[in-house]
Protein chains: 2
Amino acid sequence: MYTIACDMGGTRIKLGLVKDSKVITTEVIPAYSGKGLKPRLPVMVETINNMCNKQNTLSKNCIGMAIASPGVISSDNRRIASMNEKYFDAPSLNLTAWAKEELGVPLFIENDARMATIGEWKYGAGKNYDYLVMMTLGTGLGTSAVINGQLLRGFHGIGGLLGGHFTVNYNGRKCTCGNIGCSEIEASTVSINELAKAYPGFHDSKLANEDVIEYESVFKYAADGDLCASYLLEHSLKVWSITVLNLVHAYDPEIVILGGGIMASGDIIIPAIQDYLEKYTWNPWDKARVVKAENGNNAALLACEWLLKNKLNLK
Amino acid sequence: MYTIACDMGGTRIKLGLVKDSKVITTEVIPAYSGKGLKPRLPVMVETINNMCNKQNTLSKNCIGMAIASPGVISSDNRRIASMNEKYFDAPSLNLTAWAKEELGVPLFIENDARMATIGEWKYGAGKNYDYLVMMTLGTGLGTSAVINGQLLRGFHGIGGLLGGHFTVNYNGRKCTCGNIGCSEIEASTVSINELAKAYPGFHDSKLANEDVIEYESVFKYAADGDLCASYLLEHSLKVWSITVLNLVHAYDPEIVILGGGIMASGDIIIPAIQDYLEKYTWNPWDKARVVKAENGNNAALLACEWLLKNKLNLK
């Protein structure tokens, strides 16, 4: 039987049908997340019905639906408890009632960083590990942790998710979250444009020709010897290494999984962070191993099936 | 029935008998921890036998013995797996066999920071909480965490213990642990003398007259308007606040318990850290509450009884 899977990104909503740990089909619709989630719900229903039709089934014949969502999710996985900017109306929506009425299925929700982690933990680089940390190098720095074979959730539901918001530079920059010197504001796509412009030789750099600086260009120009790009790369690798070290010191995992778009340059990132852990981890006899995520964008969709089966006590 | 309790500090070893959540009697012997644990074992046996005699009992009639020890403890709580400087020989000793032969009782061991936390969690400020973090402001910064009603241990047994060794200042000082800019080296008794001497106006400060600067003097002279002491106090409160914020962002606890000798000035420390959490915690709707430890030096001894009963499945 199919699981209806949904990955609610800030710019696109990815819908899919998953069966026996395989993503069978996917459709992507624009998110317009700044306008809230409610206007998107009819489009989601239509898209899901179309996908089901093509597989010769009906939504009500699926096991259920699961959503990977930004924000804080209630501990029973039925409600979006709190949302930061994107999909501002989601906490006011009764999504389980919506899924029951419109699709005829039960619905469960989990935070998207945790879902990416589930996707790797159950089906990818984290298989058979009971202690792991995942960090996603995307727009920001997303994290999540598995401790003793269980997802860390914490008292308010934010446990493990804020690894990008530990203070690593106490005299540092003001983060979008309000805190000072978080990793995310010290080195991520959120801050890379500002960081570049603050570099004294910025105007001599190839990066000065880009409207919006992405890490892809930073890696490319750094390889060509561009001074500004080289500085940004070195600085970012340092901040990411410190971030991972702090996560290792916090959660004491066996492995650290790195995912996200920036990991296209994993060949440079992984050895740098591994080297930093070897040098600076307290634990003297065994350092956490840094590995690359395996399931890319499908991790969250695969996790939908796991979450649903887990919640419904299936298999 | 009595529990034989032992708190292995760096300078003193505290022994006691605990019964029904009460410390009945204690004896303190010097630790000479730089010379290893082995030479201390006969003295410990003698002291324990004396304590038992005075209570009209024998060691073999006790439930068992538990030790709060520095270092990394094996996950079965039977062995000291790794030790940093103090009691260097402890990992090579078969302490369970020693307790069986010399005292006729089973023995269990746990890390001293976790034992202090158990003492507060089960008998003190953390009673009835399933999500808590403890930080001890002593010589260094010790930490430990309870998540979902369970002590965090981690894959290698160091989970939760290294909260004083997250990097909070990435351009900071080299810590005794080898890492850069840890909280412990940025502001604790470990570093306060160096910090004071680096202050430009140090020689005009009353602190310049002290052989070894302790936080007690820092708080006292800061209250008198001493500039160097005021700077050190402000700096330390900032570092400790950031440390607690990072712990809150890591573990998402309901409460944070602060213990250790420096908490004699808790009236100043607690409001400062609480205020910082109110300002900078990500979680917008409910901040962790900062409270003072209640059981002081007895926390670890009380925890010995809990550990033993827990391990032996009693009560």
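Begin by selecting B:Tyr199, which counts as partly exposed because it has 18 C-beta neighbours inside 10 Å (a residue is buried if 20 or more other C-beta atoms lie within 10 Å of its own, exposed if 12 or fewer, and partly exposed in between, with C-beta atoms placed from the backbone). The model is a predicted one, in which local features need pLDDT of at least 70 and side-chain atom pairs count only at pLDDT 80 or more, while totals for chains, interfaces and linings use all residues. Residues are numbered from 1 along each chain as its sequence is written, and chains are lettered from A and ligands numbered from 1 in the order in which they are written.

B:Tyr199 belongs to the loop between α5 (192–198) and α6 (215–223) of chain B, where helices (H or I, at least four residues) and strands (E, at least two) are DSSP runs, numbered from the N terminus. Once neighbours within four places in sequence are set aside, B:Tyr199 is in contact with B:Cys228 and B:Tyr231 (two residues are in contact if their C-beta atoms, placed from the backbone, lie within 7 Å). If you also select B:Lys86, 113 residues away along the chain, you will find its C-alpha atom separated from that of B:Tyr199 by 31 Å.

Stay in chain B and move to B:Asp252, in the loop between α7 (227–251) and β11 (255–259) of that chain. B:Asp252 is not a glycine, yet it has a positive phi of about 55 degrees. Most residues other than glycine have a negative phi. B:Asp252 counts as buried, because 26 C-beta neighbours lie inside 10 Å. Next select B:Asn313, in the segment after α9 (299–311) of chain B, where phi is again positive, near 55 degrees, in a residue other than glycine. B:Asn313, however, has 6 C-beta neighbours inside 10 Å and therefore counts as exposed.

Now show both chains together. Chain A can be laid on chain B with an RMSD of 0.0 Å by a turn of 180 degrees and a shift of 0.0 Å along the axis (copies are superposed by least squares on the C-alpha atoms of residues with pLDDT of at least 70 in both), and that is the relation of a two-fold axis. Both copies use the same surface, since 100% of the contact residues of chain A recur in chain B.

Along the principal axes, the C-alpha atoms of chain A fill a box of roughly 60 × 45 × 35 Å, and buried residues make up 52% of its 315 residues.

Colour chain A by its two parts, domain 1 (3–116 + 297–311) and domain 2 (127–293), whose bounds come from an automatic or database domain assignment. Their C-alpha centres lie 28 Å apart, and the contact takes 10 residues from domain 1 and 12 residues from domain 2. On the side of domain 1 that touches domain 2, α3(A) supplies the largest share, three residues.

End at strand β11 (residues 255–259) of chain A, where four of the five residues are buried. Five bridges join β8 (residues 132–137) of chain A to β11(A), the two running parallel, and four bridges join β11(A) to β12 (residues 289–292) of chain A, also parallel.

Methods
Two strands pair if DSSP finds at least two bridges between them.
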